[in-house]
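Work through the exercises below with the sequence and the model open.

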Amino acid sequence: MNNAKCSILNQIPRRRKRIIQCVYVVGFMDLFGVSMIIPLLSHHVKALGASPTVAGLVGSTYGILQLFSSTIVGSWSDVVGRRYSMLTCLLLSALGYGLLGMSTSIGLFVLARIPVGLFKHSLSICRALLSDLVSEAERPLVMGHFNAASSVGFILGPVVGGYLTEHEGGFYTSSFTCAAIFLLNTGLVWLLPWSDALTPQANANYNSSASKASCYVNDNHVTSTQQNSSHGNNHTTASGAAVTGSGAPETNQRVWSWDLDWGEVSLLQPAWRQLSSVGSKIRTVASSDMWDLFLVRLLMAIAIMLYYSNFSLAMEERFMLKPKATGYLISYSSTLGALAGCLVGPVTKLYGNDMPALLLHSTVLTCCLILLYAMAPSVWHVLLSSTFFAISTTIGRTCITDLELQKGGAHASGTLIGAGQSVTAVGRVLAPLLSGLAQEFSPCGPPSLGVGLALAAVALLLVRVPKWDGRGKRKEAKLGKTHRECE
């Protein structure tokens, strides 16, 4: 298993591997800075004199803004390129956290949350960039490592934030520190060797992805790889970027559907043209047959949130567990979730890159673990469920993201990842409401409801997975027939 992991990593050119490692650092620092602030927000807004109702409304501002902005910003990164979209998001997020450090009233607090809610999508753009840089076979491993690095930052951040809060003006110090981290990330992204990222990767999966995109998407400006090969060309008209030869056959080279640096539309082009391209990409994804994937994502997102929604209170009421012990249990689960990111690649290899089957099995396992937690007669059963729950959910999230990118096409990875984040944001809005209603009946109500939602996701996968496989085979057959006719 380790040999398989190393062989995949060795397929990535050294210069490109350096960029990927820098993206890991960006992901780690991003969530490290954010997690310093998250536990302190509710305390700070209450310290400013907000009532519980006002505090709840203020807290929902971020989620609502993320709901509407995730898909738009992701699509915008497809249009203008990863570099400038990520720089914009990092700078405006730093501005938001800087304003948070100066928030001495509720009005300033809300104002500070607006740029963060609209532009805190740097992690989504990082994932889209990683999808651009690697093949489909390499993507689960790379995404798993990125999620692991980000999760480690999310674990360490609250420790530093809690330490700073113990001093006078600790919240403001934490906010300015977070803003400084985002500025540091901005400098790192600016200094990335983007020219290396534009060197074509010799991999047949890239060729297949680009060819499918050119045949099935009308507005992605991609020139078919096979058409270029048959005419003796070795360049793409999408971005005008030259594809330098390396002695490998052209059929094994990736034809870039857009320039990672400049995108399909220059950042200096009029806003109406950028918005038109963004709207076109969003319409393409909205009209695609991917409702089943997004519905599974929504169901499982709510189920997982219900698992954690009243975890501390349920542990106290069911097992008389003190908050300190519950905190250790949550930290243990979070640490396992971070480590599980490194298992995604080997597990995917074990399944032969059969992502639908892996998603189905991880969903079934997650459903069983939520059921075990809901019916647990002792703390040890909760510990057992938490151990494997962290692993199954980490693998499931990576699987569903990879499937969205496979079925939607790499030409719109930013739009697809952004749409997935919007669906998850819907879950964040619905989960607290459903949790509150379920708690009216029992402390075990939220996880019991989560079991029902997870079972619905399993049933949907059982019905749709055969159709996903069949649809893919017909597309490949049709594509091959078209190219044979062209020849």
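Is D292 buried or exposed? The model is a predicted one, and in it D292 has a relative accessible area of 1%. Buried means under 20%, so D292 counts as buried.

**Exercise 1. Salt bridges of R464**

Task: find the salt-bridge partners of R464 and place each pair in the chain.

Solution. 

Step 1. Start with D292. Its side chain meets that of R464 in a salt bridge, at 2.7 Å from N to O. R464 lies in helix α20 and D292 in helix α13, so this pair ties together parts that are 172 residues apart in sequence.

Step 2. Turn to D289. The side chains of R464 and D289 also form a salt bridge, with an N to O distance of 3.5 Å. D289 sits in the loop between α12 (271-286) and α13 (291-309), while R464 belongs to helix α20 (residues 445-486), so the pair links parts 175 residues apart in sequence.

Step 3. Check the accessibility of each residue. R464 has a relative accessible area of 10% and is buried. D289, at 37%, is partly exposed. D292 is buried at 1%.

**Exercise 2. A salt-bridge network**

Task: which residues are linked with D78 and R82 in a network of salt bridges?

Solution. 

Step 1. Take the pair D78 and R82. They form a salt bridge in which the closest N and O atoms are 2.7 Å apart.

Step 2. D132 joins D78 and R82 in a network of salt bridges.

Step 3. Look at accessibility. D78 is buried, with a relative accessible area of 0%. R82 also counts as buried, at 0%.

Step 4. Over the whole structure, a search finds seven salt bridges.

**Exercise 3. Helix α7 and its partners**

Task: describe how α7 packs with α6 and with α8.

Solution. 

Step 1. Two packed helices are described by the angle between their axes and the distance between the axes.

Step 2. Apply them to α6 and α7. The axes of helix α6 (residues 122-133) and helix α7 (residues 139-165) come within 10 Å and cross at roughly 155 degrees. Angles over 145 degrees count as roughly antiparallel, and α6 is therefore roughly antiparallel to α7. The crossing of α6 past α7 is right-handed.

Step 3. Apply them to α7 and α8. Helix α8 (residues 170-191) packs with α7 at an angle of about 140 degrees, and the axes are 7 Å apart. The two helices are therefore oblique to each other. Here too the crossing is right-handed, with α7 passing α8.

**Exercise 4. A nonpolar surface patch**

Task: which residues form a nonpolar patch on the surface, and what is their accessible area together?

Solution. 

Step 1. List the members. The patch consists of L108, L111, I114 and L118, with about 290 Å² of accessible area together.

Step 2. Locate two of them. I114 is found in helix α5 (residues 106-119), and L118 lies in helix α5 as well.

Step 3. Compare with the cut-off. Patch residues need over 30% relative accessible area. I114 counts as partly exposed at 34%, and L118 as partly exposed at 31%.

Step 4. Follow L118 to a residue elsewhere in the chain. L118 and F68 are 50 residues apart in sequence, and their C-alpha atoms are 8.2 Å apart in space.

**Exercise 5. Positive phi in two loops**

Task: where do M320 and N353 lie, and what is the phi of M320 and of N353?

Solution. 

Step 1. M320 is in the loop between α14 (311-319) and α15 (323-340). Its phi is near 55 degrees, a positive value in a residue other than glycine. M320 is exposed, with a relative accessible area of 70%.

Step 2. N353 is in the loop between α16 (344-350) and α17 (355-374). N353 is not a glycine, yet its phi is positive, at about 60 degrees. With a relative accessible area of 37%, N353 is partly exposed.

**Exercise 6. A buried alanine**

Task: in which helix is A390, and how far is its C-alpha atom from that of A340?

Solution. 

Step 1. A390 belongs to helix α18 (residues 379-408) and counts as buried at 4% relative accessibility.

Step 2. A390 and A340 are 50 residues apart along the chain, and their C-alpha atoms are separated by 7.4 Å.

Technical notes. Residues are numbered from 1 along each chain as its sequence is written. This is a predicted model: local features need pLDDT of at least 70, side-chain atom pairs count only at pLDDT 80 or more; totals for chains, interfaces and linings use all residues. Side-chain values use heavy atoms; hydrogens and water are left out. Patches are made of residues with over 30% relative accessible area and no salt bridge: like charges are joined within 9 Å, nonpolar side chains (Val, Leu, Ile, Met, Phe, Trp, Tyr) within 5 Å. Accessible areas come from the Shrake-Rupley method with a 1.4 Å probe; for residues, only the protein chains shown count as cover. A salt bridge is a side-chain nitrogen of Lys or Arg within 4 Å of a carboxyl oxygen of Asp or Glu. Helices (H or I, at least four residues) and strands (E, at least two) are DSSP runs, numbered from the N terminus. Buried means under 20% relative accessible area, exposed over 50%, partly exposed in between (1.4 Å probe, protein chains only). Axes are lines fitted to C-alpha atoms, for helices over the stretch in contact, and angles run from 0 to 180 degrees between N-to-C directions. Angles under 35 degrees count as roughly parallel, over 145 as roughly antiparallel, 65 to 115 as roughly perpendicular and the rest as oblique. A crossing is left-handed if the near helix is turned anticlockwise from the far one by less than a right angle, and right-handed if clockwise.
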